[in-house]
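Subject: Structure for you to look at

Hello,

Here is the structure I said I would pass on. My notes on what was found in it follow below.

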Amino acid sequence: MTPDVRDRTDRPASIGRLPGEGGCPIPESSWDRALRLIGQADEVALACHVNPDGDALGSMLAVAFVLRSMGKRVVASFGDRIFAVPRLLGFLPGQEMLVPPEEYPAAPDLMIVFDCSTFERVGLLGANAASAREVIVVDHHPSNTGFGTLDLIDADAAATAMLAEQLVYRLGGRLDRDIATCLYAGLVTDTGSFRYSSTTPAVHQMAARLVATGLRTDEIARELWDRSPFGYLKVLANALERVTLEGRLVWTYVSRVDRAAYGLPYSELEGIIDIVRRADEAEVAVVLKEDDHGDWQVSTRSKGTVDVAAVCAALGGGGHHNAAGYTSYETVEETMAKFRRELRRVS
């Protein structure tokens, strides 16, 4: 039986006010229009940002489960030139719904994009999005450019997973262990396992709902943070050997050559920034990571007094006040020179 997309009676009383309800940024008229578009669609094409993290992939797959239970044809993807789910996200259920970009509908009637702050973050699926009749953007980045035909954006939400959970309930879905696993991965990824300042009572309330489905949170934590190939330790050692402290800025880089020496995939580099940012003397941390195509993916973190999203936005990227990034096509030296200049401008 297809759930009634307007029936919210199955939502637990404990859910309280989610981001977007009762005075939050997303008006009810936008949610209603999203439900109408989904209800009318036979096929829904889902996408998330390139090099997906737990919030992007988890949010997308959670909603994919509900759409499939409604009898919709569901296709999901992300626009990387090398299409592969990062190893640390290999435990997420629902990956049978993923297809590579070349198998994605060329001109979807309805496309839903998760955790993308800009059109460019859709990657190879940009042409598909440009040809889609309707594009719903579900996101929580303050730097979101509003590129959808319908934008469900709440910058106060700690993770896109919080908006995905709301969409699950609004579609008449219920949490099961598969959906909860996907949403929990998104929630803990973007709150730093509940360590970041974005962690609110609503975040913990959502976590409680998810854990109540029977999740093994210890196993999820192990997959996300406590496993890595041996080569990661060697690459990390190289990165820390060249780490540089410049006043309140600490930075380093990881090249393709570093990774190739140990056969380490680019996707394994995500956690290096969290080690570099620990330097007490620094307010801002930067890690440049050379991808397989020779471009530098720049990850930045702030301890609160510097808005790194403003810095990264000026350099073609975006993100959050304390965590943001962008892509540089220049050398390490040129990239850092421009970053320093923008950092001085916003500081």
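Thr200 sits in the loop that joins H5 to H6. This is a predicted model, and the remarks below should be read with that in mind. With a relative accessible area of 30%, Thr200 is partly exposed, because partly exposed covers the range between under 20% (buried) and over 50% (exposed).

Ser193 is not a glycine, yet its phi is positive, at about 55°. Its relative accessible area is 31%, so Ser193 is partly exposed as well.

H5 has 14 residues and spans 20 Å from its first C-alpha to its last, close to the 20 Å expected at 1.5 Å a residue. Of those 14 residues, 11 are buried, so H5 is largely enclosed by the rest of the structure. The buried residues include Ile179, Cys182, Leu183, Tyr184, Leu187 and Asp190. What do the buried residues of H5 pack against? Their partners are H2, H4, H6 and helix H7 (217-225).

Two of those partners also meet each other. The axes of helix H2 (residues 54-69) and helix H4 (residues 160-170) come within 9 Å and cross at roughly 5°. That angle makes H2 roughly parallel to H4, because angles under 35 degrees count as roughly parallel. On the H2 side the contact is made by Asp55, Ser59, Ala62, Val63 and Val66, and on the H4 side by Thr160, Ala161, Ala164, Leu167 and Val168. Sorted by class, this contact has 7 nonpolar, 2 polar and 1 charged residues.

H4 itself is mostly covered, with 11 of its 11 residues buried. Among them are Glu165, Gln166 and Arg170, along with Met162, Leu163 and Tyr169. Just after H4 comes Gly172, with a positive phi of about 85°.

Asn51 is another residue to look at for its backbone. Its phi is near 45°, a positive value in a residue other than glycine. Asn51 belongs to the loop between strand S1 (43-48) and H2. The relative accessibility of Asn51 is 36%, so this residue counts as partly exposed.

Then the interior. In soluble globular proteins, nonpolar side chains tend to be buried together. Here the largest nonpolar core has 62 residues. Those with the most contacts inside this core are Leu46, Leu57, Leu67, Ile112, Ile136, Leu183 and Leu210. Which element gives the largest share of this core? H2 does, with 10 residues. Apart from this core lies another, of 18 residues, including Trp251, Val298, Val306 and Cys312.

Neighbours within four places in sequence aside, Ile112 is in contact with Ile38, Val44, Ala45, Leu46, Ala47, Ile136 and Val138.

Regards

Definitions and conventions: Residues are numbered from 1 along each chain as its sequence is written. This is a predicted model: local features need pLDDT of at least 70, side-chain atom pairs count only at pLDDT 80 or more; totals for chains, interfaces and linings use all residues. Side-chain values use heavy atoms; hydrogens and water are left out. Axes are lines fitted to C-alpha atoms, for helices over the stretch in contact, and angles run from 0 to 180 degrees between N-to-C directions. Helices (H or I, at least four residues) and strands (E, at least two) are DSSP runs, numbered from the N terminus. Angles under 35 degrees count as roughly parallel, over 145 as roughly antiparallel, 65 to 115 as roughly perpendicular and the rest as oblique. Contact means heavy atoms within 4.5 Å. Ala, Val, Leu, Ile, Met, Phe, Trp, Tyr, Cys and Pro count as nonpolar, Asp, Glu, Lys and Arg as charged, and the others, Gly among them, as polar. A nonpolar core is a set of buried Ala, Val, Leu, Ile, Met, Phe, Trp, Tyr and Cys residues joined through side-chain atoms within 4.5 Å. Buried means under 20% relative accessible area, exposed over 50%, partly exposed in between (1.4 Å probe, protein chains only). The expected span of a helix is 1.5 Å times one less than its number of residues.
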